[in-house]
Amino acid sequence: MPMADLVIVRHGETDWNLARRIQGSTDIPLNDTGRAQAAAAAESLAGETWHTIVTSPLSRARETARIIARRLDLGEPQVDDRLVERAYGEAEGLDTAALDERFPGMEGVPGIERRSDVTRRVLPALESIALENPGRRVLIVAHGGVIGSVVRWVTDKALPGGHTRIPNGSAHRFRYADGLLVLEEFNGLPVEPPIRREAAIGSALTSTS
């Protein structure tokens with residue numbers, strides 16, 4: 001049975017994160033705090049065995065991945081375009097106040113990518129990464145919207161929950177086994193019943209929602 005451990009790390013902070021601006025697919029680089037967060041994430045992972053690292057194409061994720069890869073001696077990160085952040089359309093660049101004024105509750109944003117579409121492109125990426133690395137432990141550097149969408153799908157919307165933030169530099173632990181994606185830890189805490197913690201990737205790809 002093909003199995004792999006997949007740990008998804010959110011990239012470090014950017015100036016737009018600091019200003020609470022919506023980034024989405026806009027390519028904003030790390031700031032110095034973000035580089036320090038990436039280094040701290042690498043240190044927190046250094047006591048474990050890792051075999052490879054894969055990243056979103058956006059520069060904030062790629063630099064985070066390179067910082068982690070150097071510390072863990074993983075070589076140049078592989079890039080998978082399917083891991084790119086959720087597109088937020090005309091909301092990108094808006095801060096919290098402007099967003100609340102123009103699109104209260106993020107409703108009716110022209111050009112925004114649906115969560116279901118995010119999962120339909122990201123889940124096959126996770127599955128292919130797992131199948132290419134059977135029995136291995138893989139680090140993946142991605143984005144808050146990507147991680148939140150996948151966690152929301154696996155847990156049937158039980159997590160993230162409310163206004164729970166996905167911190168820059170945080171790690172979220174998954175396991176892939178024979179078509180199932182299992183969420184083992186979210187924000188450093190084990191995921192336990194009654195929260196659903198596994199789902200078949202094929203169910204998301206055939207859903208019409």
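User: What should I keep in mind about numbering and confidence?

Analyst: Residues are numbered from 1 along each chain as its sequence is written, and side-chain values use heavy atoms, with hydrogens and water left out. This is a predicted model, in which local features need pLDDT of at least 70 and side-chain atom pairs count only at pLDDT 80 or more, while totals for chains, interfaces and linings use all residues.

User: OK, how many helices and strands are in the protein chain?

Analyst: The protein chain has seven helices and eight strands; these are DSSP runs numbered from the N terminus, with helices being H or I of at least four residues and strands being E of at least two.

User: How much of the chain is buried?

Analyst: Buried residues make up 49% of the 209 residues, where buried means under 20% relative accessible area, exposed over 50% and partly exposed in between, with a 1.4 Å probe and protein chains only.

User: Which residues touch the most other members of the largest nonpolar core?

Analyst: In that core of 32 residues they are Leu6, Leu126, Ile140, Phe174 and Leu181; a nonpolar core is a set of buried Ala, Val, Leu, Ile, Met, Phe, Trp, Tyr and Cys residues joined through side-chain atoms within 4.5 Å. Helix 5 gives the largest share of this core, seven residues.

User: What does Phe174 contact?

Analyst: Leaving aside neighbours within four places in sequence, the contacts of Phe174 include Leu6, Ile8, Val150, Val154 and Leu181, where contact means heavy atoms within 4.5 Å.

User: Switching topic, where is Ser149, and is it buried or exposed?

Analyst: Ser149 is found in helix 6 and is buried, with a relative accessible area of 2%. Beyond neighbours within four places in sequence, Ser149 is in contact with Arg115, Val118 and Thr119.

User: Last one: what about Gln23, where does it lie and what does it touch?

Analyst: Gln23 lies in the loop between helix 1 (15-18) and helix 2 (32-45), and at 6% relative accessibility Gln23 counts as buried. Not counting residues up to four places away in sequence, Gln23 touches His11, Thr14, Trp16, Asn17, Ile28, Arg60 and Glu92.
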